[in-house]
Amino acid sequence: MSYPINFWYGIRPEYVSYERVAEAAEAGFTVIECRYDTKTNKQVLLWCEQLGLRAYVWDDRMATAIAGAEGWQAALDDMIADYKDYPALDRFFIKDEPVEAHFPMLARIANYFHTHHPDADFYVNLLPNVAVPGGKANSDAHIAQYLEMVKPSLLSYDHYCLCKTETTAQELYAGGLREARVSQECRARNNTHDKVYAEHNRPDYYDNLEQIRAHAKGAGIPWMIIILLVEHWGYRYLCEAELRWEVFTALAYGSSQISYFTYWTPGVGHDEPWSYHHGIIESDGTRGEKYPIVKQINSEIQALMGEIGTAQSLAVFHTGEERDSLPVLFSPFGGIEKITGGRFVAGFFEGGYLMLANKDFHSEAFAKIETEKALYKFSKSRGTWDEMSRTPDGAYTVHLHAGDGELLRAE
């Protein structure tokens, strides 16, 4: 079974066709967003079935259930009955980024699913820990309350931390800051040609991974993170290494699925603060520069996660300096005595697997691993395991490109 990879803001209604759905499959997506009228949704589900894809479906009748209007139960019954014979249906979308005031509504709908339609499923995506009501201090309670009230089969959230902040050339230089990438399209649309931006990597990203992993493990359910891809608002124009960093840190933490924001680029009608640029598919329907990058990353994900399979995440450690408070510094685990040479996330899985992610998305790193066990490295390009050779001091060295990850196995 393939590792689930999906996206937000899918194929626009005026472009939707079999060829466009096939294009998403070609890029390595296994689940797509299906958000059209009921007739089009059903057609897209048929195409998904032919292409071996699944879909998250939004149907307007869900809005009736959300509002709690008279007859909302019958609306859900009709909606679920309409799609029950479509094998490509994965689940129904309810709401993105709810606050706690929405939880009773979500619980009401979820309970109706659990009680009357246990074979159907639903999807909700949570806010990041920095955006929940009450702030980060309330994030654990926020997640726990959601899980207790809604009882989802999948815990999903987003946390976009790769930001930009306006500065001056003098401050950029004097502070030793990195200049943030900003696309020419973004500058032109928002008349910011003369502005200077510095990279700002918002904290609490790893803390959020720690929280979601712990809550999902406690609830006994899988979890998904949404990967920032599109340039918008205060988020910068990402390079491949930054995308890889998002993906491979999530995999090292044991994510069960990933999603990208966005697939299609929202159009020119969106101005600041929601001015979007350079999604996987451009707003005019052409393939963007991120299309081949994401296609390659998705192919690597399938190869790596195909090896790990159903092996459970056992532990996650960090090496090097870290400003977030929850990550655990590395200590000997699974026969690995020491990992040095950079800032890494080390995710251990059943079967002796170790997913190592480079936390530096600007520079390559060479991880030195000390262990009495034999170490094997999985080749993402060839799909084979290679036994590694020890260096003269008896250790192993693993090369990681900026933001990249590698899968190892200790025996």
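A: Contact means that heavy atoms lie within 4.5 Å. In this predicted model, Thr192 touches Cys186, Arg187 and Tyr197, with residues up to four places away in sequence left out.

Q: Where does Thr192 lie, and why is Thr192 called buried?
A: Thr192 sits in the loop between helix 8 (184–190) and strand 8 (196–201). Buried means under 20% relative accessible area; Thr192 has 9%, and therefore counts as buried.

Q: What makes Asn191 exposed, and what is its phi?
A: The term exposed requires over 50% relative accessible area. Asn191 has 61%, so the residue counts as exposed. The place of Asn191 is also in the loop between helix 8 and strand 8, and its phi is near 55°, a positive value in a residue other than glycine.

Q: Why is Trp233 called partly exposed?
A: Partly exposed covers the range between the buried limit of 20% and the exposed limit of 50%. Trp233, at 40%, falls in that range and is therefore partly exposed. Trp233 is placed in the loop between strand 9 and helix 10.

Q: What kind of peptide bond joins Phe261 and Thr262?
A: The bond is cis, with omega about 5°. Thr262 belongs to the loop between strand 10 (257–261) and helix 11. Most peptide bonds are trans.

Q: How many aromatic pairs does the structure hold, and what makes the pair of Tyr160 and Tyr235 edge-to-face?
A: The structure holds 31 aromatic pairs. In the pair of Tyr160 and Tyr235, the centres are 5.7 Å apart and the planes stand at 90°.

Q: Why is the pair of Phe330 and Phe348 called stacked?
A: Planes under 30 degrees apart count as stacked. Phe330 and Phe348 have 25° between their planes and 6.3 Å between their centres, so the pair is stacked. Phe330 is in the loop between strand 11 (313–319) and strand 12 (336–340) and Phe348 is in strand 13 (residues 344–349), so the pair ties together parts 18 residues apart in sequence.

Q: How do you know whether Phe330 and Phe348 are buried or exposed?
A: Phe330 has a relative accessibility of 18%, and Phe348 has 4%. Both values are under 20%, and therefore both residues count as buried.

Q: What makes Met62 buried, and which residues does Met62 touch?
A: Met62, in helix 3 (residues 61–67), has 0% relative accessibility, which is under the 20% limit, so Met62 counts as buried. Beyond four places in sequence, its contacts include Leu76, Met79, Phe92 and Phe93. Phe93 is 31 residues from Met62 in sequence, with their C-alpha atoms 8.1 Å apart. Phe93 also belongs to a cluster in which ring pairs link Trp8, Tyr56, Trp58, Phe93 and Tyr123.

Q: Why does Arg409 count as buried?
A: Arg409 has 14% relative accessibility, under the 20% limit, and therefore counts as buried. Arg409 is in strand 19 (residues 405–410). Its contacts beyond four places in sequence include Gly351, Tyr353, Tyr376 and Trp385.

Q: How do you know that the radius of gyration agrees with that of a compact globule?
A: For 411 residues, a compact globule would have a radius of gyration near 22 Å; the protein has 22 Å, so the two agree. Of these residues, 54% count as buried. The protein contains eleven helices and 19 strands.

Note on methods: Residues numbered from 1 in each chain as written. Predicted model: local features only at pLDDT ≥ 70, side-chain atom pairs only at ≥ 80, totals over all residues. Heavy atoms only, no water. Helix = DSSP H or I, 4+ residues; strand = E, 2+ residues; numbered from the N terminus. Rg over C-alpha atoms; globule rule 2.2 N^0.38 Å. Buried < 20%, exposed > 50% of the residue type's maximum accessible area, 1.4 Å probe, protein only. Phe/Tyr/Trp six-rings, centres within 6.5 Å; stacked < 30°, edge-to-face > 60°.
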